[in-house]
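Please look over the sequence and the structure before reading on.

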Amino acid sequence: MQRRNALNLPDSRSPDAAIRLQVFLAHAGVASRRASEALIASGRVTVDGAVVMAAGTTVLPDAVVCVDGKRVLREAAKQYVLLNKPAGYVCSLADDKGRPTAADILKTRYAERLYNIGRLDMMSQGLIIFTNDGDFAALLSHPSAELEKEYIVETTTVLPRSLAGDFQNGVRVDGVFYRCRTAEDMGARRMRIVLTEGKNREIRRVFASRKIGIRRLTRVRIGQITIAGLGAGQFRNLAPREVAGLISLCKRL
């Protein structure tokens with residue numbers, strides 16, 4: 001079965017053809033198709049002034065589509081941006097507590113509405129990808145993609161010798177099962193961990209269950225893309241070959 005190219009318009013249709021509303025929203029950089037379906041179902045989307053709640057509705061490219069009253073437009077240029085998020089920034093487009101967001105760092109350079117693929121918690125740092133390509137975001141973030149994310153964890157206390165092996169075999173915390181792909185001690189207070197699914201705050205929850213404090217948690221690799229040469233708060237465009245490489249690593253067809 002051939003993998004669909006997430007960078008092309010669906011089914012090679014003409015840009016002037018009618019498309020499904022959730023596809024329109026994904027191409028506008030609002031959210032992935034699946035998340036766009038939820039927006040539609042909640043009554044937050046209007047087409048030419050009328051609320052539309054059926055995700056299968058088709059619209060023409062020149063339709064006036066609004067989300068929460070604000071018009072969104074299909075964007076011809078897709079952006080794929082790699083950010084080395086500093087600690088202290090939240091991974092959301094806006095924060096009701098007034099905390100700085102990782103997206104704020106990119107606003108000086110990019111006019112497009114970019115959203116993050118996956119998350120890093122506020123006090124974690126390291127690599128995160130931003131895009132306005134909903135298909136690309138959905139592909140990379142789907143659990144079945146099994147895309148590797150590598151982390152370096154520095155602790156405040158000495159690591160138990162059994163922790164790396166336990167994490168690889170699987171650890172249950174508060175009824176949730178966590179298992180990393182690999183874990184390797186790099187010293188008495190340093191560990192390298194590779195995840196493929198990445199449940200919410202997975203590493204922090206596992207370490208907290210063993211009463212191990214984390215001093216610094218850094219994501220240093222996503223797929224084949226590493227943090228090398230990118231300082232805290234710095235960002236760059238992913239090269240086309242890097243985008244294609246990430247797509248090829250995803251196992252979902």
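## Two loop residues with positive phi

Glu146 sits in the loop that runs between helix 4 (134–141) and strand 10 (149–155); helices (H or I, at least four residues) and strands (E, at least two) are DSSP runs, numbered from the N terminus. Although Glu146 is not a glycine, its phi is positive, at about 55 degrees. Glu146 is partly exposed, with a relative accessible area of 32%; buried stands for under 20% relative accessible area, exposed for over 50%, and partly exposed for values in between (1.4 Å probe, protein chains only).

Asp48 belongs to the loop between strand 2 (45–47) and strand 3 (50–51). The phi of Asp48 is near 50 degrees, a positive value in a residue other than glycine. Asp48 is exposed, its relative accessible area being 55%. As background, most residues other than glycine have a negative phi.

## Basis of the model

The model is predicted: local features need pLDDT of at least 70 and side-chain atom pairs count only at pLDDT 80 or more, whereas totals for chains, interfaces and linings use all residues. Residues are numbered from 1 along each chain as its sequence is written, and side-chain values use heavy atoms, with hydrogens and water left out.

## Helix 6 and its surroundings

Helix 6 covers residues 202–209, and Glu202, Ile203, Arg204, Val206 and Phe207 are buried in it. These buried residues of helix 6 pack against several elements, among them helix 5 (163–169), strand 14 (190–195) and strand 15 (214–222); contact means heavy atoms within 4.5 Å. Strand 10 is also one of the packing partners of helix 6.

Just after helix 6, Lys211 adopts a positive phi of about 60 degrees.

## The chain as a whole

In total, the chain has 7 helices and 17 strands. Its C-alpha atoms fill a box of roughly 60 × 45 × 40 Å along the principal axes. A compact globule of 253 residues would have a radius of gyration near 18 Å, and the 20 Å of the chain agrees with this; the radius is taken over C-alpha atoms, and the globule rule is 2.2 Å times the number of residues to the power 0.38.

Of the 253 residues, 46% count as buried. Among the contacts in the chain with a separation of 6 or more, 65% are accounted for by residues 24 or more positions apart.
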